[in-house]
Amino acid sequence: MKTKYKSLVLELVMKTMAVIGMVYFMNQAYQAYMNSHNPTVLLLLLEELITVFLIVAAKFTDTRNFSPLSMIATTCGTFYFFAVSLDSGTKLISDNVASIILICAICWQIYAKIYLGRSFGLLPACRTVVDTGPYRLVRHPIYLGYFVGHMSFLFNNFSLWNIIVFTLLYLFQFLRIIYEEQVLSQNEQYREYKTRVRYRFIPFII
């Protein structure tokens, strides 16, 4: 009972942090958009707003991994937007091209999140096993959507600083995937699912 109460408190803390962080990011994104009128900033904000909404709505589970490294990876992977530069850099691709790619990435994320439903969350946990829809292509299609959207934003706001931020982000994201699969692999259905879907989040590569 004490462990379950501790898990609930930690979950509430993480959800509260996510909401506070998003309020801050909304202000930063608005200021950046007013300065640059770059639509990719608003699309990146929309992407993160959807994520935070699902974090808040996620159902409780007591199967989470609360190890220190898992929490560090989750925190850094979630709150990366505190570090990203929103209004500087070189445009390697145009605003229109970047916006189209970002919109496609967001639609893919929504598609994957619909299948996942309220099983979405921050810390690695086993709420349910989904093996239909986009989960037939890769085991972590939401991360694929994040990656495509983030790369689109990066190439539209290209700078050494943003390269460092997104490189670190995906080191932490990959670490999150490893921890998620450790928790999920305790489920026999998920172990069987891994034998059918080989790639984690980039088809034919990873």
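Biologist: Is Arg200 buried, partly exposed or exposed?

Modeller: Arg200 is partly exposed, at 26% relative accessibility. Buried means under 20% relative accessible area, exposed means over 50%, and partly exposed lies in between (1.4 Å probe, protein chains only). This is a predicted model: local features need pLDDT of at least 70, side-chain atom pairs count only at pLDDT 80 or more, and totals for chains, interfaces and linings use all residues. Residues are numbered from 1 along each chain as its sequence is written, and side-chain values use heavy atoms, with hydrogens and water left out.

Biologist: Which residue forms a salt bridge with Arg200?

Modeller: Start with the general idea. Side chains of opposite charge can pair when their charged atoms come close. The rule for a salt bridge is a side-chain nitrogen of Lys or Arg within 4 Å of a carboxyl oxygen of Asp or Glu. Here Arg200 pairs with Glu181, with the closest N and O atoms 3.2 Å apart. Arg200 lies in the segment after α7 and Glu181 in helix α6 (residues 160-184), so the pair ties together parts 19 residues apart in sequence. Helices are DSSP runs (H or I, at least four residues), numbered from the N terminus. Glu181 is buried, at 5%.

Biologist: How many salt bridges are there in the whole structure?

Modeller: The search finds 5. Asp131, Glu192 and Arg196 are linked in a network. Arg196 meets Asp131 at 3.1 Å, N to O. Arg196 also meets Glu192, at 2.8 Å. Arg196 and Glu192 both lie in helix α7, 4 residues apart, about one turn of the helix.

Definitions and conventions. Helix = DSSP H or I, 4+ residues; strand = E, 2+ residues; numbered from the N terminus.
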